[in-house]
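Dear colleague,

I am passing the structure on to you below, and my notes on it follow directly after.

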Amino acid sequence: MYDLIIIGGGPAGLTAAAYALRTRLNFLLIGEDLGGYVNSGFSLRGAPGPEFLSGREIVDNLKAQIEYIDFTRRLDRAERVEPIAGGFEVHTLDDRHFQGRTLIIATGASPQPLNVPGEHRLRGRGLSYSTVSHAPFLWNRPAALVGHSERVVRAAAELAHYAHTVYLILTAPTPLDSPLGRNLLAADHVHLLEGYRVREIAGHDFVEGLLVRSPAGMDYELAVDGVFIEEGLTPRSELVAGLVERDTQGAIIVNSSCATSTPGIFAAGDVTNVFGEQVLIAIGEGAKAGLAAREYLLEQEWPTRHQ
Ligand SMILES: Cc1cc2nc3c(=O)[nH]c(=O)nc-3n(C[C@H](O)[C@H](O)[C@H](O)COP(=O)(O)OP(=O)(O)OC[C@H]3O[C@@H](n4cnc5c(N)ncnc54)[C@H](O)[C@@H]3O)c2cc1C
């Protein structure tokens with residue numbers, strides 16, 4: 001039985017693994033890939049754009065470490081987790097199963113797509129699902145934002161700080177009577193397109209426009225360099241749905257030590273209810289989860305001591 005099994009090889013899982021390595025835990029990382037969303041890039045037509053605090057270098061270093069010590073990782077998908085005496089059993093897609101005394105769930109979250117033509121092709125090429133990460137690329141350029149709920153209001157405020165024109169298309173009723181919403185409505189360069197529907201994201205190699213239909217049935221093309229989709233994130237937490245408490249969005253609820261409601265199961269990164277979906281935050285949370293799992297093990301029967 002492993003001391004620790006980490007599920008997910010993104011920034012949070014890789015950092016937890018680095019802590020497990022440093023503290024010489026007998027651990028296994030199960031991930032479909034190594035790097036998670038850090039493997040996806042973003043650029044605009046005619047400009048590579050700025051890279052702010054991406055954390056990519058840190059993640060690349062952590063990845064290299066885990067790639068080198070290959071017995072600590074398994075490229076596979078965890079399909080099921082079951083409680084067993086003294087720990088947990090993880091079943092994988094390859095029909096293998098592994099037992100661990102503790103678990104760290106670091107499976108991230110998936111952005112909800114809009115499902116319109118052009119979306120898949122232009123992803124990362126002017127089309128983004130993370131306004132907080134990529135809005136600075138739109139400095140003094142035109143952009144559109146599509147989504148709903150408080151999330152899109154916060155994203156629009158962020159984008160309006162950089163872009164010279166923001167077209168805001170709400171896909172579901174969204175209250176704008178908050179301080180942020182009122183500031184948006186008062187800004188001359190923010191255009192609220194109420195009741196409009198997105199038909200297509202246009203562009204050859206990069207985003208060049210957004211095709212929309214008005215409530216009266218008229219079609220328009222908005223000339224924009226960037227399109228942001230903020231329809232929400234779905235935490236990939238189904239694996240432990242019956243085992244730990246989750247919030248109404250499906251995010252795993254953790255305390256300040258990344259502990260879940262079940263002793264021995266920790267969680268870190270975008271799959272949790274912790275504020276902010278950013279690489280550097282996931283790295284910090286992964287480090288906390290790694291330390292917390294270690295402390296938990298020290299409180300139990302002592303971990304295997306390797307020479
Ligand atoms: C398109 C996009 C661009 C972004 N750009 C930036 C940016 O420029 N800067 C920034 O700071 N943040 C950015 N973010 C946010 C940032 O990438 C995330 O906050 C960060 O990657 C979260 O790390 P994580 O380890 O929690 O999850 P993830 O990076 O999502 O990694 C989770 C990993 O777990 C794996 N996994 C999931 N389920 C299973 C399973 N059942 N079994 C095994 N493995 C599994 C996944 O394959 C993935 O590798 C971006 C997000 C998106 C969606």
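How are helix 1 and helix 2 oriented to each other? This is a predicted model, in which local features need pLDDT of at least 70 and side-chain atom pairs count only at pLDDT 80 or more, while totals for chains, interfaces and linings use all residues. Residues are numbered from 1 along each chain as its sequence is written, and side-chain values use heavy atoms, with hydrogens and water left out.

Helix 1 (residues 11–22) and helix 2 (residues 56–68) pack at an angle of about 55 degrees, and their axes lie 9 Å apart; axes are lines fitted to C-alpha atoms, for helices over the stretch in contact, and angles run from 0 to 180 degrees between N-to-C directions. Helix 1 and helix 2 are therefore oblique to each other (under 35 degrees counts as roughly parallel, over 145 as roughly antiparallel, 65 to 115 as roughly perpendicular, and the rest as oblique). The contact (heavy atoms within 4.5 Å) involves residues including Leu 14 and Leu 21 of helix 1 and Leu 62 and Ile 66 of helix 2.

Elsewhere, three strands form an open sheet in the order 12-13-14 with antiparallel pairing, where two strands pair if DSSP finds at least two bridges between them, and helices (H or I, at least four residues) and strands (E, at least two) are DSSP runs numbered from the N terminus. Strand 12 (197–202) and strand 14 (219–223) are at the edges with a single partner strand each, so one side of each has no neighbour in the sheet. Strand 13 (residues 209–213) is joined to strand 14 by five bridges, and Gly 209 has Ala 223 of strand 14 as its bridge partner.

Best regards
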